[in-house]
Amino acid sequence: MNLQSVPLEYYLTLSAILFVIGAVGVLTRRNAIIIFMSIELMLNAVNLTLVAFSQFFGDPGGQIFVFFVMAVAAAEAAVGLAIVLALFRNKQTVYVDEVNIMKW
Amino acid sequence: MGENNIVVSYLPLIVMVAVGFVFGLSNVFLAEILGSRRNKTNVKLDTYECGMEPVKTARERFSVKFYLVAMLFIVFDIEIVFMYPWAVKFRELGEIGLVAMLLFMALLFAGFVYVYKKGALTWD
Amino acid sequence: MSVTVLLFGILAVVAVASGISTVMSRNPVASAMSLVLHFFTLAGIYLTLQAQFIAAVQVLVYAGAIMVLVVFMIMLLNVGREEQMRENPGYRTIIGTALGVMLAFQVGKTAFTDVAGRHVLPPGSAVTGTTEALGETLFKMYLFPFEAVSLLLLVAVVGAVILAKRKI
């Protein structure tokens, strides 16, 4: 099996770039839904790292882990977006900086 | 297996993606080039001898029932995805695999029963 | 430069561009569509890694299910209107970008130090991306996490219904 025509470093670098894009999105946006999508970006960047290491080291465990990450992401999508929905019902906003009732 | 084999084995996929992109983009650009730019009245932009008459804007707020259905879809989508690797190794895994999958499905079925009893699926 | 590297390069550029577009778009719907494109390019990158099953699951779960939920949520809250788009670029943008640059530096430094290439198997030694191999590993070594996932999904269903339904 020939897959090592693309070096491992390329995948790791791409993954790092994508993770940073997601992190910047989480830190700079106010819209809760876009923050949620940025978190998905970060999860996907980590998934890419796991798959790359799994394939280069010949260990399927990394891909199983990606599988579990996807299941957790689905659960997170269901509950997280329901929280956004409950937030919108109570405060009529999805902007996280307008939700400061717990702030001291 | 050489590298050319890998590329060749994914060639149909690459061709399909390329054709899809070209077809979609060419439709948009051809409509821009060939279509008339003047006299865009409401009547002329309306559907012509096909489709439904548009009744109102598509930017309406959706009902929360759609969210509940989509959420249930996600959970059972994950369940099905976990069944693929089980299905291809079904004979080798034997009874242990069957029991494991039955337990998995029983737990998710409990969630389904909960949702059903709570009436989240009724469309009133 | 081989065809696979070229393919990887194209997919990587599209993935980064669509990721940036997801984070930067003013309109949440445009953001969501960019994210769908991002998930598809990542599936392509998994194919260049020969992880066929993960690539298919990526499209099924992320592009097919999670993004449907996100788009429903955007439609449900109807936050796509222009007058609500007032994200002022203030101190938070500066701090966020600075932190991002720092993180990029750290992660990049770690990625390039020494781990890569040390334990890499010689080509032709393992086939791990197929559904059979993953099924073997999942049900022989990771049986308990597999059952735990069903519990997690059960809790997610219950939690989402309690949070989202108006009258329980």
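Visitor: Which residues of α1(C) are buried?

Guide: In α1(C), the buried ones are T4(C), L7(C), F8(C), L11(C), A12(C), A15(C), S18(C), G19(C), T22(C) and V23(C). Those residues cover an arc of only 145 degrees around the axis, which puts them on the same side of α1(C). The arc is that of the directions from the helix axis to the C-beta atoms. A residue counts as buried if 20 or more other C-beta atoms lie within 10 Å of its own, as exposed if 12 or fewer do, and as partly exposed in between, with C-beta atoms placed from the backbone. An α-helix has 3.6 residues a turn, so residues three or four places apart point the same way.

Visitor: Which residues are exposed on the other side of α1(C)?

Guide: There you'll find L6(C), I10(C) and V13(C) exposed. Some ground rules before we go on. This is a predicted model, so local features need pLDDT of at least 70 and side-chain atom pairs count only at pLDDT 80 or more, while totals for chains, interfaces and linings use all residues. Residues are numbered from 1 along each chain as its sequence is written, and chains are lettered from A and ligands numbered from 1 in the order in which they are written.

Visitor: What do the buried residues of α5(B) pack against?

Guide: First, who they are: L93(B), G97(B), M101(B), F104(B), L108(B), G111(B) and V115(B). They pack against α4 of chain B, and also against α5 (131-140) and α6 (143-164) of chain C. Just past the end of α5(B), G119(B) has a positive phi of about 80 degrees.

Visitor: Where does a residue other than glycine have a positive phi?

Guide: Most residues other than glycine have a negative phi, and most peptide bonds are trans. Here, Q50(C) has a positive phi, near 65 degrees. Q50(C) sits in the loop between α2 (28-48) and α3 (52-77) of chain C. Q92(A) is another case, with phi at about 55 degrees, and it lies in the segment after α3 of chain A.

Visitor: Is Q92(A) buried or exposed?

Guide: Count the neighbours. Q92(A) has 9 other C-beta atoms within 10 Å, so Q92(A) is exposed. Q50(C) has 21, so Q50(C) is buried.

Visitor: How many helices does chain A have?

Guide: Chain A has three helices and zero strands. For the 104 residues of chain A the rule gives 13 Å, but the radius of gyration is 17 Å, so chain A is more spread out than a compact globule. Its C-alpha trace spans about 55 × 25 × 20 Å along the principal axes. Of its residues, 58% count as buried.

Visitor: How many residues of chain A are in contact with chain C?

Guide: Two residues are in contact if their C-beta atoms, placed from the backbone, lie within 7 Å. By that test, 65 residues of chain A touch 73 residues of chain C. α3(A) gives the largest share of chain A's side, 21 residues. By class, that side has 46 nonpolar, 14 polar and five charged residues. Here Ala, Val, Leu, Ile, Met, Phe, Trp, Tyr, Cys and Pro are nonpolar, Asp, Glu, Lys and Arg are charged, and the others, Gly among them, are polar.

Visitor: What about chain B, and how many of its residues are in contact with chain C?

Guide: Chain B has 36 residues in contact with 38 residues of chain C. α4(B) gives the most to chain B's side, with 16 residues. That side has 29 nonpolar, two polar and five charged residues.

Definitions and conventions: Helix = DSSP H or I, 4+ residues; strand = E, 2+ residues; numbered from the N terminus. Rg over C-alpha atoms; globule rule 2.2 N^0.38 Å.
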